[in-house]
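Reader: I would like to learn how to read a protein model feature by feature, beginning with a single residue and moving on to pairs and groups. Could you take me through this one with some care?

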Amino acid sequence: MLDVQAHAPLALVFVERAGRLYEMKAEPWYQFCRLVRNCIAHNFIFEFRQHDVSILPARWRGREITAAYDGQELPLALFGYEQAWEMFVEIRTFAERTGV
């Protein structure tokens, strides 16, 4: 099983070294993905910091993370197996397009 908490920082290192972090942060999926990753790393509970609240709502493919999710479990309807695959494809496409 993929350890999201361990691999996400590693991916950021590659993006930073390639000088593509700014581009990645501009992707429409970035903030949504970051908040879901943090939620998964915190036992599937959204725990927003002040910065997180300032960028809400985070939207991706018709889904929306709002401040109302703070302290709540990640609903499968918001980010389930299908969305996990779609997110993977978008991130992989970014990596291929940018040469990361």
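Reader: In which helix is Thr98 found?

Author: Before we start, bear in mind that this is a predicted model. Thr98 belongs to helix H5, which covers residues 81–98.

Reader: How should I judge whether Thr98 is buried or exposed?

Author: The general idea is to take the relative accessible area and compare it with a threshold, where under 20% is read as buried. Thr98 has a relative accessible area of 8%, and so it is classed as buried.

Reader: Which backbone oxygen does the side chain of Thr98 reach, and which residues does Thr98 touch once those up to four places away in sequence are set aside?

Author: The side chain reaches the backbone oxygen of Phe94, at 2.8 Å. With residues up to four places away in sequence left out, Thr98 touches Arg20 and Glu23.

Reader: Turning to the backbone, which peptide bond is cis?

Author: Here one reads the omega angle, and the bond from Leu56 to Pro57 has omega near 0°, which is cis. Pro57 sits in the loop that runs between helix H4 (50–55) and strand S1 (58–60).

Reader: What is the phi of Arg61, and in which loop does Arg61 lie?

Author: Arg61 is not a glycine, and its phi is positive, near 50°. Arg61 lies in the loop between S1 and strand S2 (63–65), and at 45% relative accessibility it is partly exposed.

Reader: Now for charged side chains: how many salt bridges does the structure hold?

Author: The structure holds six salt bridges. In reading such a pair, one takes the distance from N to O and then asks which parts of the chain are linked; for Arg97 and Glu27 that distance is 2.6 Å. This pair links distant parts of the chain, with Arg97 in helix H5 and Glu27 in the loop between helix H2 (21–26) and H3, 70 residues apart. Glu27 counts as buried, at 17% relative accessibility.

Reader: Which residue forms a salt bridge with Glu86, and why does the pair tie together separate parts of the sequence?

Author: Glu86 forms a salt bridge with Arg61, and their closest N and O atoms are 3.3 Å apart. Because Glu86 lies in helix H5 while Arg61 lies in the loop between S1 and S2, the pair ties together parts that are 25 residues apart in sequence.

Reader: With which residue does Glu90 form a salt bridge?

Author: Glu90 also forms a salt bridge with Arg61, the closest N and O atoms being 2.8 Å apart. Since Glu90 lies in helix H5 and Arg61 in the loop between S1 and S2, this pair ties together parts 29 residues apart in sequence. Glu90 counts as buried, with 17% relative accessibility.

Reader: Which residues do salt bridges with shared partners join into one network?

Author: Such bridges join Arg34, Arg49 and Asp52 into one network.

Reader: How many aromatic pairs does a search of the whole structure find?

Author: The search finds seven aromatic pairs. For each, one reads the distance between ring centres and the angle between the planes; Phe32 and Trp60, at 5.5 Å centre to centre and 40° between the planes, form a tilted pair. Phe32 lies in helix H3 and Trp60 in strand S1, so their pairing ties together parts 28 residues apart in sequence. Phe32 is buried at 1% relative accessibility, and Trp60 is buried at 4%.

Reader: How are the rings of Trp85 and Phe88 arranged?

Author: Trp85 and Phe88 form a tilted pair, 5.2 Å centre to centre with 35° between the planes. Both residues lie in helix H5, three residues apart, which is about one turn of the helix. Trp85 is exposed, with a relative accessible area of 52%, whereas Phe88 is partly exposed at 40% relative accessibility.

Reader: Which residues do ring pairs link into a cluster?

Author: The cluster is made up of Phe32, Trp60 and Phe79, linked by ring pairs.

Technical notes: Residues numbered from 1 in each chain as written. Predicted model: local features only at pLDDT ≥ 70, side-chain atom pairs only at ≥ 80, totals over all residues. Heavy atoms only, no water. Helix = DSSP H or I, 4+ residues; strand = E, 2+ residues; numbered from the N terminus. Buried < 20%, exposed > 50% of the residue type's maximum accessible area, 1.4 Å probe, protein only. Polar contact = N/O pair within 3.5 Å; in protein donor to acceptor, adjacent residues only side chain to side chain. Contact = heavy atoms within 4.5 Å. Salt bridge = Lys/Arg side-chain N within 4 Å of Asp/Glu carboxyl O. Phe/Tyr/Trp six-rings, centres within 6.5 Å; stacked < 30°, edge-to-face > 60°.
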